[in-house]
Amino acid sequence: MAEREKVEHVESVKYTDVEEVLSEEFGARFRDYRRDYKKSLNYDTNGYVPEFPLTVSLEFVNRCNLNCKMCYTINHSAPKETLELAHIEHIMEECGRHDLPAAVVGMGSEALIYKGAQDAIAAVRRSGVMDLFLGTNGVLLNEQLCEFLVEQRVARIEVSLDAATPETYEKIRGKNELERIEKNLETLIQTRKRHNSKLPVIRLCFCVQEDNLHEQKAFLDKWRDRVDYIDFQEMVDFDQVDDLIDMGDDAAVAKDLPQPQSTYCAYPFNSLHVWSNGDVTPCCTFFGKALKIGDARSESLKDIWDGEKLAEIRDQLQTGRLNKVCHVCLTSRDKENFAAAGDAASKETEKAN
């Protein structure tokens with residue numbers, strides 16, 4: 001079996017060699033990190049688990065300023081939870097001691113509505129993280145913030161758009177903000193150019209679904225060579241998340257369940273994910289909210305990484321005897337359960353390449 005180089009549920013159209021750009025910026029340390037990351041993608045053949053996660057993801061606050069059809073919006077209507085700046089700084093101090101190479105800011109909510117977002121992002125950078133990935137819907141990506149992100153040398157920014165026209169955007173995301181976001185993106189592009197910088201690398205995300213399938217080509221045509229790459233992602237159904245959360249600890253117990261097409265998942269072998277209430281989970285999907293393995297407010301990430309709960313999940317993935325949460329998530333990724341738009345996305349990316 002050929003070694004995996006990337007995750008398999010995303011189709012990318014690349015206009016920039018992102019690895020080359022970040023290697024030029026961060027040198028040998030970045031190349032070592034990407035070597036280890038690719039080793040972690042092949043855990044099932046090499047048994048590799050790094051001494052500390054290669055990526056830590058943070059949800060600053062469980063709120064969003066949009067209401068997207070494909071999102072687990074219950075996360076945004078639950079009682080407000082905020083990862084205080086002091087907790088973020090404490091987490092990142094530990095990450096700095098362990099030379100954490102990569103971090104993701106955003107997860108399932110809009111990071112830029114967090115009061116003190118710039119201070120929190122700066123704290124992540126101060127820890128020594130190289131590959132800082134900011135996920136946003138772009139609504140609040142104003143001129144001042146663009147300056148900040150370029151000056152901070154944030155490595156990557158992903159803006160989720162999912163549409164080429166205002167009508168489709170509003171249908172998917174609940175508000176007509178497309179024109180504003182496109183203007184913000186142009187500001188970021190021009191700010192980066194003015195600073196003679198290649199950072200942040202700009203990624204656009206298009207979650208393929210029935211309402212936007214007809215706009216894939218128009219989306220590519222609009223952004224071709226203006227951003228660094230475009231990712232088409234398969235839509236996932238999160239309807240069962242509430243039921244899994246209601247199961248409590250029983251959801252994490254290995255069971256004799258029908259096998260999905262694949263029991264492969266690299267997240268527990270390379271990353272930890274901290275939600276706004278401090279919960280730590282082995283993956284960044286909303287399914288992971290039903291699989292708590294620790295609390296970042298009272299436990300060290302190193303102890304959680306080396307702990308029995310995560311070790312058990314890794315063993316389940318390697319043996320195929322899955323817990324209920326991982327089973328539902330991986331079954332949802334079976335090809336016949338993806339949105340039918342997935343194959344069309346693949347064809348479009350092949351043409352673009």
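Visitor: Which residues is K292 in contact with, leaving aside its neighbours within four places in sequence?

Guide: With those neighbours left aside, K292 is in contact with D279, V280, T281 and K309. Bear in mind that this is a predicted model. K292 itself is found in the loop between β9 (279-281) and β10 (294-295).

Visitor: What makes K292 partly exposed, rather than buried or exposed?

Guide: Its relative accessible area is 42%. Buried means under 20% and exposed means over 50%, so K292, at 42%, counts as partly exposed.

Visitor: How far is K292 from D239, in sequence and in space?

Guide: They are 53 residues apart in sequence, and 19 Å apart in space, C-alpha to C-alpha.

Visitor: Back to T281. Is T281 called buried or exposed, and why?

Guide: T281 sits in strand β9. Its relative accessible area is 1%, and the limit for buried is under 20%, so T281 is buried. Leaving aside neighbours within four places in sequence, the contacts of T281 are L272, H273, W275, G288, K289, L291, K292 and I293. G294 is 13 residues from T281 in sequence, with 7.1 Å between their C-alpha atoms.

Visitor: And I91, how do you know whether it is buried or exposed?

Guide: I91 lies in helix α5. The relative accessible area of I91 is 2%, which is under 20%, so I91 is buried. Beyond its neighbours within four places in sequence, I91 is in contact with L58, L83, V274, A296 and L301. Its C-alpha atom is separated by 9.8 Å from that of E299, a residue 208 places away along the chain.

Visitor: Since we're on α5, why are α5 and α6 called parallel or perpendicular, whichever it is?

Guide: Helix α5 (residues 85-97) and helix α6 (residues 117-126) have axes that cross at roughly 10 degrees and come within 9 Å. Angles under 35 degrees count as roughly parallel, so α5 and α6 are roughly parallel to each other. On the α5 side, the contact is made by L85, I88, E89 and M92; on the α6 side, by D119, A120, A123, V124 and R126. Sorted by class, that contact has 6 nonpolar, no polar and 3 charged residues.

Visitor: What does the angle make of α7 and α9: parallel, perpendicular or oblique?

Guide: Helix α7 (residues 143-151) and helix α9 (residues 178-194) pack at an angle of about 40 degrees, with axes 9 Å apart. Roughly parallel needs an angle under 35 degrees and roughly perpendicular needs 65 to 115, so α7 is oblique to α9. The crossing of α7 past α9 is right-handed. From α7 come E143, C146, E147 and V150, which meet N184, T187, L188, T191, R192 and R194 of α9. By class, the residues of this contact are 3 nonpolar, 3 polar and 4 charged.

Visitor: How do you know where the buried residues of α8 lie around its axis?

Guide: In helix α8 (residues 166-173) the buried residues are T168, Y169, I172 and R173. They cover an arc of only 105 degrees around the axis, so they are on the same side of α8. An α-helix has 3.6 residues a turn, so residues three or four places apart point the same way. On the other side of α8, E167 and K171 are exposed. Among the elements covering the buried residues are β5 (156-160) and α9. Just after α8, G174 takes a positive phi of about 85 degrees.

Visitor: What makes the phi of D162 and M107 worth a look?

Guide: Most residues other than glycine have a negative phi. D162 has a positive phi, near 70 degrees, and is not glycine. M107 is not a glycine either, yet its phi is positive, at about 50 degrees. D162 is in the loop between β5 and α8, while M107 is in the loop between β3 (102-105) and α6.

Visitor: Which kind of peptide bond joins L199 and P200, cis or trans?

Guide: A cis one, with omega about -5 degrees. Most peptide bonds are trans. P200 lies in the loop between α9 and β6 (201-208).

Terms used: Residues numbered from 1 in each chain as written. Predicted model: local features only at pLDDT ≥ 70, side-chain atom pairs only at ≥ 80, totals over all residues. Heavy atoms only, no water. Axes fitted to C-alpha atoms, helices over the stretch in contact; angles between N-to-C directions. Helix = DSSP H or I, 4+ residues; strand = E, 2+ residues; numbered from the N terminus. Parallel < 35°, antiparallel > 145°, perpendicular 65-115°, else oblique. Left-handed = near helix turned anticlockwise from the far one by under 90°. Contact = heavy atoms within 4.5 Å. Nonpolar A, V, L, I, M, F, W, Y, C, P; charged D, E, K, R; others polar. Buried < 20%, exposed > 50% of the residue type's maximum accessible area, 1.4 Å probe, protein only. Arc of directions from axis to C-beta.
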